Amino acid sequence: MTYVSHHSDKFRDLTGDDAYRSWLISREQAPIVHHSGAMHWKRLRVLARLTFNHIKGLLAAVHVAIVADKMRRVQRELALRGVRYDAPPKASTDRGGR
């Protein structure tokens, strides 16, 4: 393999650069541990928010099921009394006046 020398390489100290790289690789670093109270509170807030969102989604699903059941019951009661109830068509979005 051929080494191409550039003008800026003439004055570069190779031994100092390699020594610094060797030191960076070989040094003992303390592990990063988050034992601060702020980190615990942040994790607790995230857990609380996720739990709240799951409960909110569950309650929304139960609400939709209750509303659908009541609408079926009302339609059945009206049909028994001889009144035909057709749900109004869902409004479509207006697409530029078409």
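Colleague: Which residues form the nonpolar patch on the surface?
Modeller: Tyr20, Trp23, Leu24 and Ile25 form the patch, with about 470 Å² of accessible area together. Patches are made of residues with over 30% relative accessible area and no salt bridge, joining nonpolar side chains (Val, Leu, Ile, Met, Phe, Trp, Tyr) within 5 Å and like charges within 9 Å. Accessible areas come from the Shrake-Rupley method with a 1.4 Å probe, and for residues only the protein chains shown count as cover.

Colleague: What kind of model is this?
Modeller: This is a predicted model, where local features need pLDDT of at least 70, side-chain atom pairs count only at pLDDT 80 or more, and totals for chains, interfaces and linings use all residues. Residues are numbered from 1 along each chain as its sequence is written, and side-chain values use heavy atoms, leaving out hydrogens and water.

Colleague: Is Leu24 buried, partly exposed or exposed?
Modeller: Leu24 counts as partly exposed because its relative accessibility is 33%. Buried means under 20% relative accessible area, exposed over 50%, and partly exposed in between (1.4 Å probe, protein chains only).

Colleague: New topic. How many salt bridges does the structure hold?
Modeller: Three. A salt bridge here is a side-chain nitrogen of Lys or Arg within 4 Å of a carboxyl oxygen of Asp or Glu.

Colleague: Which residues are linked in a network?
Modeller: Asp69, Arg72 and Arg73 are linked by salt bridges. Arg72 pairs with Asp69, the closest N and O atoms being 3.6 Å apart, and Arg73 pairs with Asp69 at 2.9 Å between the closest N and O atoms.

Colleague: How far apart are Arg72 and Asp69 along the helix?
Modeller: They are three residues apart in helix 2 (residues 37-80), so about one helical turn separates Arg72 and Asp69. Arg73 and Asp69 also both lie in helix 2, four residues apart, about one turn of the helix.

Colleague: And how exposed are Asp69, Arg72 and Arg73?
Modeller: Asp69 is partly exposed at 32% relative accessible area. Arg72 is partly exposed at 48%, and Arg73 is partly exposed at 41%.

Colleague: Which residue does Glu77 meet in a salt bridge?
Modeller: Glu77 meets Arg81, at 3.7 Å from N to O. Glu77 is partly exposed at 38% relative accessible area, while Arg81 is exposed at 66%.

Key
Helices (H or I, at least four residues) and strands (E, at least two) are DSSP runs, numbered from the N terminus.
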